[in-house]
Amino acid sequence: MLSPLDTPMTLSQVVVDSSPNGSIPNLHNNQGKSRRATLLLAYKTLGVVFGGLVTSPLYVYPSMPLKSPTEADYLGIYSIMFWTLTLTGVVKYACIALKADDQGEGGTFALYSLLCRNMNIGILAPKYSNSNSSFSSSVFHDSVETKSRLGKFFEKSIIARRVLLFIAILGMCMLIGDGILTPAISVLSAMEGVRGPFPSVSKSMVEALSAVVLIALFLLQKFGTSRVSFMFSPIMGAWTLCTPLVGIYSIICYYPSIFKAISPHYIVHFFLRNGKEGWLLLGGTVLCITGSEALFADLGHFNRESIQIAFLFTIYPSLVLTYAGQTAYLIKNPNDHNDGFYKFIPRQIYWPIFVVSTLAAIVASQSLISATFSVIKQSVVLDYFPRVKVVHTSHSKEGEVYSPEVNYILMILCVAVILIFGDGKDIGNAFGVVVILVMLITTILLTLVMIIIWRTPPYLVALYFIVFFVMEGVYVSAVFTKIPEGGWIPFALSLILAFIMFGWFYGRQRKLEYELTYKINLDRLGVLISDPSVQRVPGMCFFYTNIQDGVTPILGHYIKNVKSLHKVTIFTTLRYLLVPKVAPHERIVVKKLGYKGVYGCVVQCGYADPLNLEGGAFVTQVTNGLKEHIQHYQGSIPSNPLAIEEEINDVEDAKNAGVVHVCGKTRFYIGKNCGWFDRTMLGFYEVLHSNCRPALPALGVPLTQRIEVGMLYEA
């Protein structure tokens with residue numbers, strides 16, 4: 001039997017620099033850029049981030065079930081919209097949420113990962129949640145000794161951790177639902193303008209035109225966010241300028257004193273006067289803040305400064321003036337609320353505004369489509385969603401991603417929503433449910449970030465939580481009454497998505513539990529290698545395993561049937577961490593496993609990292625790292641220059657002889673002893689697993705070098 005040549009190493013001791021020049025780039029890509037570059041980036045955000053928010057005047061008033069509204073009613077509605085925009089848009093998102101980024105990434109799942117890393121509470125498989133690298137351990141070193149009481153509570157309570165995970169998943173599912181409904185309601189509302197001058201145009205024709213426009217938009221996604229945003233930003237610039245100008249004209253002509261409604265007492269009088277009817281109208285007024293979540297979710301595509309500049313100096317003033325103009329017109333024409341946007345456009349500029357609004361509605365769809373791609377990519381990397389193809393469309397911005405499968409599924413669902421439901425009010429009811437639930441989830445997660453990570457003074461946390469939780473809670477209570485009238489759509493979509501995510505995650509966890517139970521440790525590995533019947537054949541083999549503390553049981557199955565092992569075998573683990581990005585010098589980690597020709601390799605990446613190594617480049621980096629490790633590592637026996645040179649030559653000869661990549665193709669054997677829950681969930685997981693992409697193409701492994709070893713895992 002072979003005896004170990006040296007002791008296994010910890011992963012943080014030997015790392016390979018995978019950057020082209022060996023330097024560590026700044027994780028914030030936009031730091032240090034000139035003010036001019038920031039302003040250019042702010043201009044680009046108009047075409048991606050703010051489309052859904054700035055086009056909300058198209059459908060807010062038409063979505064309200066108004067009955068004989070009075071001047072006082074309209075003043076109360078405008079006051080509600082003004083303070084909703086100010087508190088939610090300016091205070092919550094622009095001033096607070098954007099500071100809670102996870103190293104440049106935003107959204108509910110980024111907040112969840114930020115909490116997990118700082119509290120060590122992630123309900124993840126060990127290969128994801130644990131890390132021996134200096135990079136991940138540095139995240140904790142400042143706060144381990146002084147954790148808050150709430151943080152300790154989450155670490156001790158499995159129920160609290162599961163609830164937190166459920167909230168994060170629900171927020172992500174709702175954001176994806178937002179990505180389906182935003183294009184549908186925006187484009188449909190804009191195309192309704194055709195029926196103003198031409199009443200003979202049927203609703204079916206408007207729906208068909210809307211569907212054609214959406215299909216064209218989704219077909220453009222493959223060109224990437226940068227190209228799309230640069231093309232779309234002039235359109236949004238025109239919209240952001242035109243609508244407030246029309247609003248100012250309308251204010252002057254119809255109701256110059258409209259801004260007196262800024263006083264909150266109009267809100268109090270509105271609810272005292274209308275009671276339950278006023279409360280129900282909140283289901284329509286909440287749409288004035290649609291798309292605000294994209295400010296946060298699209299953070300990885302741009303940066304904090306550019307989004308803040310664009311929102312505070314263009315989008316917010318534009319919306320305040322546009323809604324003021326609409327309200328001023330409706331005060332003098334109270335029964336035109338069903339077409340509250342196009343009616344207040346002066347006849348002389350109707351068609352130019354119609355063209356701009358239609359184009360702007362198309363752009364509005366882009367903001368949530370981009371956000372959907374981002375959250376899907378995050379969840380795929382962290383193993384919460386079946387593997388789909390993710391393409392990085394920019395060399396300079398790693399957050400810019402595109403997924404063909406997700407893109408076409410979104411396209412089909414958007415067109416289906418328009419063709420099946422058609423009525424903008426029904427879609428508006430569904431939209432309101434999605435919008436406010438995502439905001440409420442963000443409020444809860446941000447409160448936890450303030451308490452646990454930022455250590456914000458308790459009175460400020462209480463002020464933030466009470467204001468936003470009460471405001472959004474009232475909105476939630478109102479939109480829930482719309483569930484029978486179209487509000488069930490996002491719930492159905494979110495339920496399907498949550499079931500897919502839970503089924504996938506449960507199957508992956510069960511598979512990992514099996515591998516950890518039946519793993520091959522180093523002693524058992526030595527027995528297998530020393531078996532006289534096992535031949536060491538020429539060549540280099542990358543044997544992929546899901547666990548680090550040992551080797552996958554597939555190896556025993558492989559050796560038992562093939563009776564051979566390559567002279568240089570590298571057990572490789574693809575490891576995803578709960579961080580957005582891993583420094584390039586820590587991306588590839590190598591170690592010796594204690595037996596001749598047997599090594600370990602870990603490829604680490606964060607959920608915002610592009611895993612786009614080419615197969616040949618990956619092999620070269622690993623072999624170079626092995627050579628360097630062999631030269632510098634001092635084991636438990638004195639170093640022998642001849643032995644070192646021989647081992648290095650063995651690695652090089654094995655590489656030249658041929659490289660092969662071996663991975664498992666495992667399935668669950670669901671026997672009669674399994675309960676109904678395991679039968680259902682594991683059967684569903686097998687369906688998902690059979691139809692998703694394999695992990696190896698992410699490393700650019702050629703088909704000719706790939707071997708899959710089939711094995712049944714008993715459930």
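The model is predicted: local features require pLDDT of at least 70, side-chain atom pairs count only at pLDDT 80 or more, and totals for chains, interfaces and linings use all residues. Residues are numbered from 1 along each chain as its sequence is written, and side-chain values use heavy atoms, with hydrogens and water left out.

**Overall make-up**

The protein contains 24 helices and nine strands. Helices (H or I, at least four residues) and strands (E, at least two) are DSSP runs, numbered from the N terminus. Of the 715 residues in the protein, 59% are buried; buried means under 20% relative accessible area, exposed means over 50%, and partly exposed lies in between (1.4 Å probe, protein chains only). The accessible surface comes to about 28,800 Å², and 62% of it belongs to carbon and sulfur atoms. Such areas come from the Shrake-Rupley method with a 1.4 Å probe, and for residues only the protein chains shown count as cover. Among contacts (heavy atoms within 4.5 Å) between residues at least 6 apart in sequence, 84% join residues at least 24 apart.

**Nonpolar cores**

In soluble globular proteins, nonpolar side chains tend to be buried together. A nonpolar core is a set of buried Ala, Val, Leu, Ile, Met, Phe, Trp, Tyr and Cys residues joined through side-chain atoms within 4.5 Å. The largest one here has 195 residues, and those with the most contacts inside it are F50, L53, F311, Y384 and L555. Helix 8 (residues 158-191) gives the most to this core, with 19 residues. Apart from it lies another core, of 26 residues, including V381, M540, C601 and V701. Leaving aside neighbours within four places in sequence, the contacts of L53 include L85, C288, F311 and L319.

Two strands pair if DSSP finds at least two bridges between them. Strand 4 (residues 535-544) runs parallel to strand 5 (residues 564-576), joined by eight bridges. F543 has F571 in strand 5 as its bridge partner. Strand 4 also runs parallel to strand 8 (residues 659-669), with four bridges, and M540 stands opposite V659 there.

T573 belongs to strand 5. T573 counts as buried because its relative accessible area is 3%. Its side chain reaches the backbone oxygen of T545 at 3.2 Å. Not counting residues up to four places away in sequence, T573 touches T545, N546 and C601, among others.

**Aromatic pairs**

A pair of aromatic rings is described by the distance of the centres and the angle of the planes. Rings of Phe, Tyr and Trp (its six-membered ring) pair if their centres lie within 6.5 Å; planes under 30 degrees apart count as stacked, over 60 as edge-to-face and the rest as tilted.

Y384 is buried because its relative accessibility is 1%, and F505 is buried at 13%. In the other pair, F82 is buried at 12% relative accessibility, whereas W83 is partly exposed at 28%. Ring pairs also link W239, F341, Y342, F344, Y350, W351 and F354 into a cluster.

Terms used
A polar contact is a pair of N or O atoms within 3.5 Å; within protein, one must be able to donate a hydrogen and the other to accept it, and residues adjacent in sequence count only if both atoms are side-chain atoms.
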